[in-house]
Amino acid sequence: MKKIEAIFKPFKLDEVREALSEIGVSGLTVTEVKGFGRQKGHTELYRGAEYVVDFLPKVKVEVVVADKLLESAIDAIIKAGRTGKIGDGKIFVSNVDQVIRIRTGETDEAAV
C-alpha cells in the first residue's frame, strides 16, 4: 500500500475529490496548510500599508491506496489539480507498512 500526500491550490479540492471518487478511492483526509516554493509569495496593501504574504494557502490531501490504484490515483490528482501556473503543488508518495481500522480491527487493504 502507498500513502499519497498531495498539496495544491484550495479551489481545486472539489475537482480532486471527485476525480479520486471516480477511480474508487473511498476516503481521504484534507488539511488546510500554508507554504511557499517557487511561487514565493506576494505583497498586499492593507489600510495603506504594504506587507509581504510569505506563506500562501494550500490544501493537503492524504490518501492511502492499494498498489494497483497508485498510478490512476496520481493521474487523477494531476489532471484535476493542474492549472498550468506556478504554485500548482506537489505529490509525495510513501510506503505504508500497516493499516488498522480501529472500529472493526480490520487490517491492511480491508481497512482502507
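Start your tour by selecting β2 and strand β5 (residues 56-65), which pair in the antiparallel sense over seven bridges. Here, strands (E, at least two residues) and helices (H or I, at least four) are DSSP runs, numbered from the N terminus, and two strands pair if DSSP finds at least two bridges between them. Click on T29 and look across to β5: T29 stands opposite E62.

A word on what is on your screen. This is a predicted model, in which local features need pLDDT of at least 70 and side-chain atom pairs count only at pLDDT 80 or more, while totals for chains, interfaces and linings use all residues. Residues are numbered from 1 along each chain as its sequence is written, and side-chain values use heavy atoms, with hydrogens and water left out.

**Next, the sheet**

Seven bridges join β1 to β5, and the two run antiparallel; look for I4, whose bridge partner in β5 is V63.

**On to the helices**

Select helix α2 (residues 70-81). Angles run from 0 to 180 degrees between N-to-C directions, and axes are lines fitted to C-alpha atoms, for helices over the stretch in contact.

Which residues make the contact? Show E15, V16, A19 and L20 of α1 with A73, A76, I77, A80 and G81 of α2; contact means heavy atoms within 4.5 Å. By class, there are seven nonpolar residues, one polar and one charged.

**Last stop: colour by pLDDT**

pLDDT is the predictor's confidence in each residue, from 0 to 100. The chain has a mean of 90, and 94% of its residues reach 70 or more. Among the elements, strand β6 (residues 90-95) has the highest mean pLDDT (98) and strand β3 (residues 42-46) the lowest (68). Where pLDDT is low, the predicted coordinates should not be read in detail.

Key
Nonpolar A, V, L, I, M, F, W, Y, C, P; charged D, E, K, R; others polar.
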